[in-house]
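Please read the points below alongside the sequence and the coordinates.

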Amino acid sequence: MAKLGKRARAAREAFAGKSDLSVEDAVKLVKGNAKAKFDETIEIAVNLGVDPRHADQMVRGVVGLPNGTGKDVRVAVFARGAKAEEAEAAGADIVGAEDLMETVQGGKIDFDRCIATPDMMPVVGRLGKVLGPRNLMPNPKIGTVTMDVAQAVKDAKGGQVQFKAEKAGVVHAGVGKASFDEGKLVENVRAFISAVQKAKPAGAKGSYMKRISLTSTMGPGVTIDVADAAVE
């Protein structure tokens, strides 16, 4: 068994016996122990009482974090003509049509968010098996299939986070960096939890939010008191 380093041991000791904390205390604990040599991402995971295999229990949505994510998001836009020009002017990293489809089909996916105009969906639809598993498929329900490509690009670049329940009913996302002020991280965490709460599907039965965990890229995790964090 590998021997734990000094930093890892100290972190485990700091987290020992602590669980179901308030959002503020959880943020303080996780941020205070994010001591890697790079700016760690603060990550949240919410275990939900849903079965995403059923359409009426799927949870997905988008939330604009009030203080951004601290991440440089690369955005690809499927558009032609004037809309392609609008996307480029708004700061899109990659803009194209059939040429971009061929690039993606070839295995090169050099972007974190994908946006498309409605007329491009027959082209983008061919990439479902490639983009779908990576949660990159444009969807009108979360604003990534739109004629207002400029605003969509700005939202993606400005700290908008998408979430979708995985097979086990878990949604997760990065909600900032360890270098953020505690107050800003708290605001981001509460905004994300609120968005997940509002996305509660009609088919959800019993307890909706079962467990909320907060961690940093290299650090241990801690649970957050659901009653303290959830917004009805």
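1. The model is a predicted one.

2. On the side of domain 1 that touches domain 2, strand E2 (60–64) and strand E6 (160–164) each supply at least two residues. E6 gives the largest share of that side, four residues.

3. The division behind these points puts residues 6–69 + 160–230 in domain 1 and residues 75–158 in domain 2. The C-alpha centres of the two domains are 27 Å apart.

4. How many residues of each domain are in contact with the other? Eight residues of domain 1 contact eight residues of domain 2.

5. The area buried between domain 1 and domain 2 comes to about 840 Å², and carbon and sulfur atoms give 36% of that area. Within domain 1, the residues that lose the most area to domain 2 are Arg60, Gln160 and Gln162, which together account for 76% of what that side buries.

6. A separate point concerns helix H2, which spans residues 23–32. Its buried residues are Val23, Ala26, Val27, Leu29 and Val30. Viewed down the axis of H2, these buried residues fall within an arc of 165 degrees, so they line one face of the helix. As background, an α-helix has 3.6 residues a turn, so residues three or four places apart point the same way.

How values were computed:
Residues are numbered from 1 along each chain as its sequence is written. This is a predicted model: local features need pLDDT of at least 70, side-chain atom pairs count only at pLDDT 80 or more; totals for chains, interfaces and linings use all residues. Side-chain values use heavy atoms; hydrogens and water are left out. Buried means under 20% relative accessible area, exposed over 50%, partly exposed in between (1.4 Å probe, protein chains only). The arc is that of the directions from the helix axis to the C-beta atoms. Domain bounds come from an automatic or database domain assignment. Contact means heavy atoms within 4.5 Å. Buried area is the accessible area (1.4 Å probe) that two parts lose on being put together, summed over both.
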